[in-house]
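Colleague: I am new to this model and would like to learn how to read its features one at a time. Could you guide me through them?

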Amino acid sequence: MSRHRKDNSITELKNYFNSVIDWVSGVFTDVESEMRGLEWGRLYEEYHKKAYDPSKVSKEVRKLYGDPYIKNRKGIFEYILGGSTDTKLLEVRIFDEATKKTVYAIQTAKAEKKGESNCSHCAIGHDANKSKVWKLDEMDADHVAAWSKGGATSAKNCQMLCKTHNRAKGNR
Ligand SMILES: [Zn+2]
């Protein structure tokens, strides 16, 4: 009797695992080594009722795998399942120190010539910071074109903003 019950629950468990596996392999047609060890049970519970187009998903997986700015490839799968909005999952690389320094120097030289703040947002403001020249460590690098919209993490797409304005623009 109790033995029989055990068999039943093992069958249930097997069925559950099979559902999870079927679902994962139905959504993600590419098999990547980073898929190992993910919490597929949790992801299944959260997302299996949503519809995904496997060929679109596959294209996106490959695009993200080809992006050198993504540090956490394990996050790619949940990022896609969640509708490709939560960039925190990917740990997108930030600008390196050399890039920041270069951009800072160019921006500050231009700003000093014009007599305005080297933070472009402060410069168009109406308070005392309008002409404030911030130090390098008082500023943060910002993606001019958001990374999530295809903006690269390169000097061309980098602007330094004072910490307040960078925070106001949101972490992208
Ligand atoms: Zn500012």
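Colleague: Is His165 buried or exposed, or something in between?

Modeller: Accessibility is read in classes (buried is under 20% relative accessible area, exposed over 50% and partly exposed in between, with a 1.4 Å probe and protein chains only). His165 is partly exposed because its relative accessible area is 25%, whereas Cys119 is buried, at 0%. This is a predicted model, in which local features need pLDDT of at least 70, side-chain atom pairs count only at pLDDT 80 or more, and totals for chains, interfaces and linings use all residues. Residues are numbered from 1 along each chain as its sequence is written, and side-chain values use heavy atoms, leaving out hydrogens and water.

Colleague: Which residues are the protein donors of the zinc ion?

Modeller: Donors are N, O and S atoms within 2.8 Å of the metal (3.2 Å for Na, K and Ca), and sites may look incomplete since water is not among the atoms. Here they are Cys119 (SG), Cys122 (SG), Cys162 (SG) and His165 (ND1), at 2.0 to 2.3 Å from the zinc ion. Cys119, in the loop between α5 (97-114) and α6 (120-123), and His165, in helix α7 (residues 163-169), are 46 residues apart, so that the pair links distant parts of the chain (helices are DSSP runs of H or I with at least four residues, strands of E with at least two, numbered from the N terminus).

Colleague: Why is the arrangement around the zinc ion called tetrahedral?

Modeller: Four donors count as tetrahedral if all angles lie between 85 and 135 degrees. The 4 donor atoms subtend angles of 101 to 115°, which makes this arrangement tetrahedral.

Colleague: How many residues of strand β2 are buried?

Modeller: In a regular strand the side chains alternate between the two faces of the sheet. In β2, Cys158, Met160 and Cys162 point one way and Gln159 and Leu161 the other. For strand β2 (residues 158-162), 5 of the 5 residues are buried, so the strand is largely enclosed by the rest of the structure.

Terms used
Four donors count as tetrahedral if all angles lie between 85 and 135 degrees; four count as square planar and six as octahedral if opposite donors are over 155 degrees apart and all others between 65 and 115; anything else is irregular.
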